[in-house]
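Hi there,

Here is the structure I promised to pass on. Please have it open while you read my notes.

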Amino acid sequence: MTTTLGCRSCGSTNLLPIVSFGDTPLADRLLTEDLLDKPELLANLELVFCPDCTLVQITESVSPDILFGEDYPYFSSVSPVLLAHFRGSALDIIERRGLDSSSWVVEAASNDGYMLKNFMERGITVLGIDPAAPPAKAAQAAGVPTLMTYFTVDLARQLVAERGRRADVFLANNVLAHVPDLNGFVEGIRTLLAEDGVAVIEVPYLIDLIDHREFDTIYHQHLCYFSVTALDNLFRRHNLYLDDVKRLQIHGGSLRLFVEQREAVSETVQSLLRMEKDRQTDHYAYYTNFADSINRFRDELMALLGKLKSEGKTIVGYGAAAKATTMLAYTGIDLRQLDYVVDLNPFKQGRFMPGTHLPIHAPQRLLEDKPDFVLVLAWNFADEIIAQQDMYRKSGGQFIVPLPKLTVV
């Protein structure tokens, strides 16, 4: 683990503290039973703001080999919502760019090949790149060409040399925030991208994170938290241009970026830049107000859970997601409030949450035990989860959705 002394984007050492979560367990580092009595890896989690380029980031970098190693449990194909979302994105790109069998699409952090399959259906040549063995091997088994490695500028140069061409489309969904060498990754995009190509990148949107108090999306995999202003500064440093952007509801609020080597900035981008300026996202006070807001949320949630437990109610969690680790660590929720967690991903079932050691079961446990309340830890998929668990709800169960506003349904 290394502590970053300078901004991950511009290198400035003028970093201002927003909130410290202390030493927390690593998100997605689910435990097997034989690890429960062994020391657990903790790392400092501190959020800071760079007033020079406006990038919000954490200071500690945990080795990617630790974060995305053999036991990395995230499979995008588990969620029907994600599958539909990225299929829509793929079909839109194919139509917009007029892609055909002569085109080449490359995706960094391609996971289990969930998005690239949509291009392959149209006869388009693809290449996935992902260092996490479980999803990468799943992609290979499904016939999606996948390199089990990290995307870097050196790999970009190697691919151009080997293929004798550059990519028409470069995809990077929810990975830009994960890379320790942010500038190296972006330079890799510029190196691999054809002169008339486009990089389509999705990132969680910092403004939504602030507005909705989404503090639980802050964890060690997410090194950076992007505003349009910070992204514009980053890409321009590498002679790339954020020419268009779409605001999305996925993951609590995200941006789909369209980045090119030619400058043709849309009114949409310019409008978001003006909005961020008006809201003073380049001022430190904007972020200190956020820290105060999440402190209030913690008090509200713990008061509700304490009241329910005092009434003898049973409560479990839904979603052994990465964000659940931060939620549990920051609020102090553990076995005193929750009996266990359920998750749809078979890979996670039978394991235990980091830090709290809450056991993880399959969702059918809800119908067997009929707990009074389910705390939706994966609240960004609350609608999908509640719909899936309609039988539990009809049996009298209720859901606590913590964010963006604490509600009981």
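Predicted model: local features only at pLDDT ≥ 70, side-chain atom pairs only at ≥ 80, totals over all residues.

Residues are numbered from 1 along each chain as its sequence is written, and side-chain values use heavy atoms, with hydrogens and water left out.

**The whole chain**

The protein chain has 14 helices and 19 strands; these are DSSP runs, with helices being H or I of at least four residues and strands E of at least two, numbered from the N terminus. Its radius of gyration is 21 Å, close to the 22 Å from the globule rule for 409 residues, so the chain is as compact as a globular protein of that length. (The radius is taken over C-alpha atoms, and the rule is 2.2 Å times the number of residues to the power 0.38.) The C-alpha trace spans about 65 × 50 × 40 Å along its principal axes.

Of the 409 residues, 57% count as buried, meaning under 20% relative accessible area with a 1.4 Å probe, protein chains only; exposed is over 50%, and partly exposed lies in between. Among contacts (heavy atoms within 4.5 Å) between residues at least 6 apart in sequence, 69% join residues at least 24 apart.

**Helix α8**

Which residues of α8 are buried? In this helix, residues 228-236, they are Val228, Ala230, Leu231, Asp232, Leu234 and Phe235.

Two strands count as paired if DSSP finds at least two bridges between them; β4 (residues 56-58) and β11 have two, in the antiparallel sense. Across that pairing, Gln57 stands opposite Cys224 in β11.

**Arg213**

This residue sits in the loop between α7 (206-211) and β11. Arg213 counts as buried because its relative accessibility is 13%. Leaving aside residues up to four places away in sequence, Arg213 touches Asp208, Phe290, Ser293, Ile294, Phe297, Glu300, Leu403 and Pro404.
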